[in-house]
Amino acid sequence: MADYLESVRRAGGEPHELDQHRDAPADVVKRSGGLLLTGGGDVDPGLYGEAPHPTYQPSEEGRDAYEIALLRAAAEAGLPIFAICRGMQVLNVAFGGTLLQDIPSMVNGAAHHTVPEPRYAIAHEVWVASGSRLSEIMAEKLEGETCQVNSRHHQAVKIVAPGWEVSGTAPDGVIEAIEQPGQPFRLAVQWHPENFWRTGEFRPLFESFIEAARAVTR
Ligand code: MN
């Protein structure tokens with residue numbers, strides 16, 4: 001959690017950690033400029049109509065339902081949304097997409113997407129879609145149309161939620177970023193940009209999110 005908080009602060013934001021038992025989504029969206037979803041365990045596959053793969057590792061009790069409610073409330077309130085790792089997966093499910101339940105056993109020739117330590121170790125590259133918001137935000141940091149990322153996930157987006165588009169892909173075809181066009185900041189990434197706050201490779205993502213959050217008027 002420390003790296004998420006540090007990344008938000010370094011981008012000029014004031015993070016508030018949420019407690020699902022205390023912070024009702026309807027209240028959260030009234031007092032927040034944006035919603036940042038963090039990493040964690042797997043989303044219940046029943047929520048997108050599949051039986052669990054043997055590798056299924058559930059998240060904390062109640063977290064899926066809470067984050068889905070937060071996402072829908074934030075979207076309805078017009079708030080910027082930045083979703084990371086599990087956050088991207090729960091976002092995709094919340095808005096009607098599905099997940100690939102286990103990359104190592106389901107993707108031929110998969111890259112190494114589970115490189116736990118050190119947390120900023122580069123695992124693979126991401127091909128960034130030209131013309132995407134991700135590409136625009138990360139313009140000064142990209143090498144050509146790629147960036148180098150860390151990776152700690154065994155699941156990924158399968159069918160992208162309606163209205164969302166793929167803006168980043170690993171060389172093995174695994175979806176690494178999605179975004180909702182026509183919105184100030186609706187972006188989800190499968191890697192962990194928050195682990196790079198010391199070196200700043202992904203600072204533009206946090207800065208752009210905070211800038212969009214500041215611009216929210218009500
Ligand atoms: Mn990955």
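Predicted model: local features only at pLDDT ≥ 70, side-chain atom pairs only at ≥ 80, totals over all residues.
Trainee: Which residues of H1 are buried?
Mentor: H1 runs over residues 2–10, and its buried residues are Tyr4, Leu5, Ser7 and Val8.

Trainee: Why do they sit on the same side of H1?
Mentor: They cover an arc of only 165° around the axis, so they share one side of H1. An α-helix has 3.6 residues a turn, so residues three or four places apart point the same way.

Trainee: And what covers them?
Mentor: The cover includes strand S1 (35–37), strand S2 (81–84) and helix H7 (203–214).

Trainee: What follows H1?
Mentor: Gly12 does, with a positive phi near 95°.

Trainee: New topic. Which residues touch the most other members in the largest nonpolar core?
Mentor: Leu71, Leu91 and Ile178, in a core of 27 residues. Helix H3 (63–76) is among the elements that supply at least two residues each. H3 gives the largest share, six residues.

Trainee: What is Leu71 in contact with, leaving aside neighbours within four places in sequence?
Mentor: Its contacts are Leu35, Leu37, Ile81, Val90, Leu91, Ala94 and Phe95. Apart from this core lies another, of 26 residues, including Tyr4 and Trp191.

Trainee: How many cavities of 30 Å³ or more are there?
Mentor: One. The largest cavity has a volume of about 60 Å³.

Trainee: What lines the largest cavity?
Mentor: Among the lining residues are Ser7, Arg10, Trp197, Arg203 and Phe206. H1 and H7 each supply at least two lining residues. By type, the lining has five nonpolar, two polar and two charged residues.

Technical notes: Residues numbered from 1 in each chain as written. Heavy atoms only, no water. Buried < 20%, exposed > 50% of the residue type's maximum accessible area, 1.4 Å probe, protein only. Helix = DSSP H or I, 4+ residues; strand = E, 2+ residues; numbered from the N terminus. Arc of directions from axis to C-beta. Contact = heavy atoms within 4.5 Å. Core = buried A, V, L, I, M, F, W, Y, C linked by side-chain atoms within 4.5 Å. 1 Å grid on protein atoms, 1.4 Å probe; cavity = no way out; pocket = protein on both sides within 12 Å on 5 of 7 lines; lining within 4 Å. Points joined across faces, edges and corners; volume = space filled by probe spheres on them. Nonpolar A, V, L, I, M, F, W, Y, C, P; charged D, E, K, R; others polar.
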